[in-house]
Amino acid sequence: MEISQIALKSDKRQLMLEAAMKQHQYRKDSLIEILNTAQELYGYLDKDLLLYISRSLHLPSSHVYGVASFYNLFKLRKPGVHMVNVCMGTACYVKGAEEILSAIEREFNVRRGETNVNNRLSLFVTRCIGACAMAPNVIVNGEVIGKATKEVVANSLSALLEVRIVEAR
Amino acid sequence: MKPDELKRIAEKEFELRRSYVHRINVCCSSGCVPFGALKVLKAFEDAVREFNVEGKCKVARTGCIGTCYVGPAVLVEPGDYLYQSVTPETAYEIIREHVVDEKPVKHLLYANEGFFKKQLRLVLRNAGKIDPFRVEDYIAFGGYSALLKALTSMNPLEVIENVITSGLRGRGGAGFPAGLKLSFVAKAPGPPKYIVANLDEGDPGVFANRTLAEADPHSIIEGMTIAAYAVGAEQGYIYIRGEYPLAVQTLRKAIDHVGSIGLIGRNIFETSFSFNVELRLGAGAFVAGEETAILASIEGRRAMPRPRPPYPASSGLWGKPTLINNVETLANIPLIILNGGAWFSKIGMPSCTGTKCFSLTGKIKNPGLIEVPMGITLRDVVFNIGDGVPEGRKFKTVQVGGPSGGCLPVELLDLSIDYDSLTKAGAIMGSGGIVVMDDESCMVDTAKFFTEFCVDESCGKCTPCRIGLFKMYKVLEGITCGEGTLEDLTQLEDLGNFIKEASLCGLGQTGPNPVLTTLRYFRDEYISHIVERKCPAGKCFKAQRKEEVET
């Protein structure tokens, strides 16, 4: 705890988080806004970060954890280097998103909602990004692939994962 | 802001508009951006410079035109020439031929007139024609003049009376008379009082509210401010889904903008009325759209509904009287104030006035965003506006009202779209989603999909919803894996009706609808799954086979 406190303190992101809380006057009802900001800054909400927020806003840590775990957008674990989101809105489902989803699970050895073993790829399911006219949609690292097929998605993912391996060498 | 300043801004904007011949509106909403709309926008700007027609032609970034299936869509004024599937290359072609040579590029024009013919665009009147990032655009189209009229020539009671006369009902799904709700909050003791605009459009397959926010954010803010004046609220919150980054950005900018020119803030139009708006972001909880859950979420807590009464109108945010309205409801209010409640009451049908925005998606030729008068038939929407299902397939069902709506069969296509008819048929208006399915969709699997969604999104507070829906899901899973029995069907019906009766909030009260309606209209599909172990659409029984292979 002590160590991560220091790590938190020495971080520029922490200053930005502090500024956000100050802007909301450390109000208890700004918790969701603060969690949103924290996730934007850090990418996910780990235990230390939640404890830090709970102390700053004078809220019980159980309350902060309760809120963070209630909402789907908050990630409590570190996501992989690459992120793929499969939209499972009604339109995408009707147009075969499930098939794409299971194909990714099979080919890249990752389960929905989880990150694969070597921390390279996280697979998430989202409920409708609202681009229903071009369903099914798959979002790879923030880029929307419309009218997706499992082949296109698989190619795009393989390319991403491979490039990184080459870079690492 | 002073009252006459509004007119001045509008005139200045008109002058600007008169200075060029053509205006090129490039749709850059969430639907068109993935198709490359931003590249097209840049291509237009480059082309205008290259052909040296900067003085003659204005390129504008706008919101949704509605024809999402042929994006990026570009609307060229005057004449409202709508170009479809524009690419950076064809953008050059349009500038060269349409702007320079004054000849519309025929082969790129959108040819399907049926899509717009049966629509009536009131709430979306500005969508696709104004730049959502510029309040001046909105003002030039008559924006904020309803607010001026309300504040300077009407008292709050007159505003409420107009809304009551209009017959406007809540567009969030439940259809509660909007005028009545206003009068409840107006009568409640205060200050403080609050107003909440609900933009937590969590239903998968629905994007009508988001598109409104992206295309015309000021219509929401103006409607909200008028409603706040009517009930005596000084603080408003727009609660928006965190999954809508562009809508968040658009609204945030719009709020800052009106704040800076004094259209909201202290003493609006030099009256004693002051009003502020804040944006609150959701974080991915479908149940947060429920009116007591949204309050909990704004207060920074888990979005869990609570029993009513007390209703939010008497005890809402921080225990104070609060008006909660869907953003589409609010966007109707400026129109009612400008044209009068009596004018509005003649649109649509007598028991259900006005229009409704729908996102039309699924297995349909023309998916997109539409606005239709209340009382139009489902057939008109699916076959005239949407142009039916793609070639070679057969229409099977239309699902109305999001995940907790109902699946209606071909026999009910002549049903009119209004709150009462839809509820009677087992569906709901919901927040405006129409999903069409063809014979490739299995109704049991579809019911399972929606039930799974509701199981995921149940907040867990009350038992019927938390455990009941899960039980229903398990039974459906059994049927799709080939383990179903005929008794399962009775069990599903019993469970479904019980959950509807006993749940605390709208999620549980409507969650069983997909199962109950498919049981009502597509029972033979369930039976063939159970008796013949066959899925007519060829979707089911795969899950089990997959597991067998793995083990």
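**Close-up 1. The surroundings of A:Leu35 in the predicted model.** Leaving aside residues up to four places away in sequence, A:Leu35 touches A:Leu45, A:Ile53, A:Val67, A:Ala68 and A:Phe74, and from the other chain B:Ala283. This is a predicted model, so please view each panel with that in mind. A:Leu35 also belongs to the largest nonpolar core, a set of 225 residues, where it is listed with B:Val26, B:Phe44 and B:Ala227 as having the most contacts inside. Helix α10 of chain B, residues 217-231, gives the most to this core, with nine residues.

**Close-up 2. Where chain B meets chain A.** Here 33 residues from chain B and 32 residues from chain A make up the contact. On the side of chain B, the elements giving two or more residues are β11 (355-362) and β15 (433-438). Of the elements on this side, β11(B) gives the most, with three residues. Sorted by class, the chain B side holds 15 nonpolar, twelve polar and six charged residues.

**Close-up 3. Helix α17 of chain B.** This helix covers residues 443-457, and its 15 residues reach 21 Å from the first C-alpha to the last, close to the 21 Å expected at 1.5 Å a residue. The helix is mostly covered, with twelve of the 15 residues buried. Among the buried residues you will find B:Met443, B:Val444, B:Phe449, B:Phe450, B:Phe453 and B:Cys454, and also B:Asp445, B:Lys448 and B:Glu457.

**Close-up 4. Two cis peptide bonds.** In chain A, the bond from A:Ala135 to A:Pro136 is cis, with omega near -5°. A:Pro136 sits in the loop between β3 (121-126) and β4 (138-140) of chain A. In chain B, the bond from B:Gly190 to B:Pro191 is cis, and its omega is near -5°. Look for B:Pro191 in the loop between α8 (178-187) and β5 (194-199) of chain B.

**Close-up 5. Two asparagines with positive phi.** A:Asn119, a residue other than glycine, has a phi near 65°. A:Asn119 lies in the loop between β2 (114-115) and β3 of chain A. A:Asn119 counts as exposed because it has 12 C-beta neighbours inside 10 Å. A:Asn141 is not a glycine either, yet its phi is positive, at about 45°. The loop between β4 and β5 (143-145) of chain A holds A:Asn141. With 12 other C-beta atoms within 10 Å, A:Asn141 is exposed.

**Close-up 6. The domains of chain A.** The domain assignment divides out domain 1 (2-70) and domain 2 (82-168). Taken over C-alpha atoms, the centres of domain 1 and domain 2 of chain A are separated by 30 Å.

Note on methods: Residues are numbered from 1 along each chain as its sequence is written. Chains are lettered from A and ligands numbered from 1 in the order in which they are written. This is a predicted model: local features need pLDDT of at least 70, side-chain atom pairs count only at pLDDT 80 or more; totals for chains, interfaces and linings use all residues. Helices (H or I, at least four residues) and strands (E, at least two) are DSSP runs, numbered from the N terminus. The expected span of a helix is 1.5 Å times one less than its number of residues. A residue is buried if 20 or more other C-beta atoms lie within 10 Å of its own, exposed if 12 or fewer, and partly exposed in between; C-beta atoms are placed from the backbone. Two residues are in contact if their C-beta atoms, placed from the backbone, lie within 7 Å. Ala, Val, Leu, Ile, Met, Phe, Trp, Tyr, Cys and Pro count as nonpolar, Asp, Glu, Lys and Arg as charged, and the others, Gly among them, as polar. Domain bounds come from an automatic or database domain assignment. A nonpolar core is a set of buried Ala, Val, Leu, Ile, Met, Phe, Trp, Tyr and Cys residues joined through C-beta atoms within 7 Å.
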